[in-house]
Amino acid sequence: MAFAVAGLTGGIGSGKSTVAAMFSELGVPVVDADRVARDVVEPGTDGLAAVVEAFGDGMLGEDGRLDRAKLGERVFDDEAARRRLEGILHPRIAAASMARFAQLAEEGHPYAIYEAALLVESGRHRMMGALIVVAVDEATQVARVEARDALSAEAARKRIAAQLPLAEKVDVADYVIRNDGDRDETRAQVREVHASLLERFGGKP
């Protein structure tokens, strides 16, 4: 039985994590790119050592962990620094993700979900066995970003506008899950997509 990875993405405030949790409830393993990114710079890792070597130990908090806010400020307006950071992190994130996928394949799972915000922007969606995009209408997206990040409606719209339009992600999706209704409606769509992916990748329902 072949093992496949289904990418899961969407726009800010679309509810990717909610949908990922619904797949998890169905027994589908979920690999969270953000979680992997944190793991590769945990204390004692060569990833953290490389970040400190590149940007100094001022990037560490008092507990010896990476201070993400400081690092973000350091690279925000510095293209060269951002590329240097990406050169440190991206290969390690990719290697850790591949190791996790290999483990899941050995365990006999037909497929796993890879939850990542920038799958389409980075072009990595082309490496996935399937692409799932979580979509919402603009009003719902603005309201969620306002509430989650304590922003004004104008600030929320600016943050949304800074990202690749959700419609462009929908255009390249194999599956679109609408997440602007109630939870039961979203869960029903997740079940439908799960059944389709099992059929597609040779798993048992």
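Is Asp184 buried or exposed? Asp184 is exposed, at a relative accessible area of 56%; exposed is over 50%, buried under 20% and partly exposed in between, with a 1.4 Å probe and protein chains only.

A word on the basis: this is a predicted model, where local features need pLDDT of at least 70, side-chain atom pairs count only at pLDDT 80 or more, and totals for chains, interfaces and linings use all residues. Residues are numbered from 1 along each chain as its sequence is written, and side-chain values use heavy atoms, with hydrogens and water left out.

1. Asp184 has a salt-bridge partner in Arg187, with the closest N and O atoms 3.8 Å apart (the cut-off: a side-chain nitrogen of Lys or Arg within 4 Å of a carboxyl oxygen of Asp or Glu). The two are separated by about one helical turn because they sit three residues apart in helix H10. Arg187 is partly exposed, at 23% relative accessibility. Glu25 joins Asp184 and Arg187 in one network of salt bridges that share partners.

2. The structure has twelve salt bridges. Among them is Asp39 with Arg35, at 2.8 Å from N to O. Both lie in helix H2 (residues 33–39), four residues apart (helices are DSSP runs of H or I, at least four residues, strands are runs of E, at least two, and numbering starts from the N terminus). Asp39 is partly exposed at 36%, and Arg35 is partly exposed at 36%.

3. Now the sheet: five strands form an open sheet in the order S2-S3-S1-S4-S5, with parallel pairing (strands pair if DSSP finds at least two bridges between them). At the edges are S2 (30–32) and S5 (175–178), each pairing on one side only. Between S2 and S3 there are three bridges, and Val31 stands opposite Tyr114 in S3.

4. Tyr114 also turns up in an edge-to-face aromatic pair with Phe101, at 5.6 Å centre to centre and 80 degrees between the planes (ring centres of Phe, Tyr and Trp, the last by its six-membered ring, lie within 6.5 Å; planes under 30 degrees apart are stacked, over 60 edge-to-face, the rest tilted). Phe101 is in helix H5 (residues 79–106) and Tyr114 in strand S3 (residues 111–115), so the pair ties together parts 13 residues apart in sequence. Phe101 and Tyr114 are both buried.

5. Tyr111 and Phe201 make a tilted pair, with centres 6.2 Å apart and planes at 50 degrees. Tyr111 is in S3 and Phe201 in helix H10 (residues 183–201), 90 residues apart. Tyr111 is buried at 2%, and Phe201 is buried at 14%.
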